[in-house]
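Take a look at the structure first, then read on.

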Amino acid sequence: MSQTVMADAAPVDASAPTASLHRPRLPRWAPLGLAAVAAALGTGIGLVAGLDSRIQWGLIAALLYVGLTAVLAGAVEGTRQAKDRLATSFIWVCFLLAVLPLASLIWETVARGVKVLDGYFLTHSMNGVITMEAGGGIYHALIGTLQQVGLATLIAAPVGLLTAIYLVEYGTGRLAKAVTFFVDVMTGIPSIVAGLFILSFWIIILDFGYSGFAGAMSLAILMMPIVVRSTEEMLKLVPNELREASLALGVPKWRTILKVVLPTAIGGITTGIMLAVARIAGESAPILLLVFGSASINGNPFEGAQSSLPYYVYEQWANGNEPSYDRAWAAALVLIAFVMILNLVARGIARWKAPKH
Amino acid sequence: MAKRIDVSGLSAYYGSFRAIDDISMTVEPRSVTAFIGPSGCGKSTFLRTLNRMHEVTPGGRVEGKVMLDDEDLYGTGVDPVSVRRTIGMVFQRPNPFPTMSIYDNVAAGLRLNGDHKKSELDGIVEKSLRGANLWNEVKDRLNRPGSGLSGGQQQRLCIARAIAVEPQVLLMDEPCSALDPISTLAIEDLIGELTSRFTIVIVTHNMQQAARVSDRTAFFNLAEVGAPGKLVEIDDTERIFSNPSVQATEDYISGRFG
């Protein structure tokens, strides 16, 4: 009982023996305050020294922030805390450096892209539009991208999924090693090489014409290894105990994979496929080679030239005049939005399908 | 419907490593047989050879005979899948399927093995959950995920899942080692009830548990680390715990081991 009483009294009496556990700490707002001070100093030094580049201002402020935090923490809190603060502030600075390009990219694209982005822009093609003038839209490119990416996914997702299932559930020995090796090699294939391969094989040797499907095939080549890799990782995460539990119930292996393993990993697998789609949606090189590009609407991906969003951006930018620049930015914004929506959908599916507790 | 298991000259390997060596024993129908012994002596490996789960491990391979009544489990033309339907298994850690509800978990063995009518399934699920002493706790939340149950309930769910397919034999690999004493008691009571319908083999590290639940006890040992595990003796539980015929058994049981 007496111990309880003492424990209750201890926090009240600061001079009690427990006070030896206390160390002087910087107030909680210290990092934020220091950041403000460092930013102000950075700006001040930049102005006084007449440095033109804002990047220099920022770097001075960042160095000041890291230095000031370490010195101040060292003086008030002691060496161990100073090291901690130094590492923390350094990580924050690195984080900001990493985020800055991303944020400015999005800012730039949104600021320039919204100028001509409207319902008309989304629902009209460039057919008959003189590139020097405003007007026209991306409908044909949007259709092209959706069809090419859709077809590529239809080819790559099943093949990639089944390959990953083979590697994780069945593959042992040399064949599995060889497959893994070639998947790794495929991951590194530059998109232009994939495009050239389909060009020589499909268009030159087999003598088919330019089409969205030809582009989709090269996109599928790029997509497949990504799907295999991500699916493989997700399948490996499924606990072996679940497979054993199912097998011990007398369930055949293929049914175990289909009904127990895949449903457990489906969220991650879908996310992986979506991210692979997002990755190939921005490819322009194979489209340039295989789909040729077009200003008018072509709803048939198996015949004739099409356009696509990344190709459209390239094409408009190459026109080299103000209205085309505006269209290029707007199309870039649509492309980013498309990729972002895919990401959000993937996250949604992952959360929806995740094993519940 | 419960069947006798007759093992003769059984050795199991992981790759080139021999995990258990030349084991012969008989497991009587409608009895509980407990396997005890130090860690690494091959109890679990031996248990897994009894329903051909050992070969699921990469490199796992078996020599010898396991007769289920008059059929050799390792004979040519024997389908491991039908062996596992006949001889069910409960694992050390509760492993309900995380994507399935309580109902679906129990129905999994039947559903995954073919079509069953909904009304028929309802009956089997209720019967199995009652059989596993879990029905009263979960009857109002059959559609909730099985992973939301407590550890002991999850383990009973796994037992319900195993008995739903009406196996002849139930193998239990340390089914209580991850559970608290109260859940352990619930499972031990359950084992006592299940004996009337199934042949049960249980691996346990808890000697009191072996003494409480089993009719016969087998003691496994290994000469040294890295050496294959061997069956030292198998006898009526009472005899093993009071007057074993081998000195090593007595040493192990009385704690004078090693």
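## A helical pair in chain A

Glu232(A) and Arg229(A) sit 3 residues apart in helix α9 (residues 212-237) of chain A, so about one helical turn separates them. Helices here are DSSP runs of H or I with at least four residues, strands are E runs of at least two, and both are numbered from the N terminus. The two side chains join in a salt bridge at 2.9 Å, N to O; that term means a side-chain nitrogen of Lys or Arg within 4 Å of a carboxyl oxygen of Asp or Glu. Glu232(A) is buried at 6% relative accessible area, while Arg229(A) is partly exposed at 25%. (Buried is under 20%, exposed over 50%, partly exposed in between, with a 1.4 Å probe and protein chains only.)

A word on ground rules: this is a predicted model, where local features need pLDDT of at least 70 and side-chain atom pairs count only at pLDDT 80 or more, while totals for chains, interfaces and linings use all residues. Residues are numbered from 1 along each chain as its sequence is written, chains are lettered from A and ligands numbered from 1 in the order written, and side-chain values use heavy atoms, leaving out hydrogens and water.

## Another bridge, within chain B

Over all chains, the structure holds 25 salt bridges. One of them pairs Lys230(B) with Asp21(B), with the closest N and O atoms 3.0 Å apart. That pair ties together distant parts of the chain: Lys230(B) is in strand β10 (residues 229-236) and Asp21(B) in strand β2 (residues 17-27), 209 residues apart. Lys230(B) is partly exposed at 43%, whereas Asp21(B) is buried at 15%.

## Where the chains touch

Chain B puts 29 residues into the contact and chain A puts in 19, contact meaning heavy atoms within 4.5 Å. Together they bury about 2,000 Å², 66% of it on carbon and sulfur atoms; buried area is the accessible area (1.4 Å probe) that two parts lose on being put together, summed over both.

There are 2 salt bridges between chain B and chain A. One of them runs from Glu241(A) to Arg93(B), with the closest N and O atoms 3.4 Å apart. Glu241(A) belongs to helix α10 (residues 240-248) of chain A, and Arg93(B) to the loop between β6 and α3 of chain B. At 29%, Glu241(A) is partly exposed, while Arg93(B), at 52%, counts as exposed.
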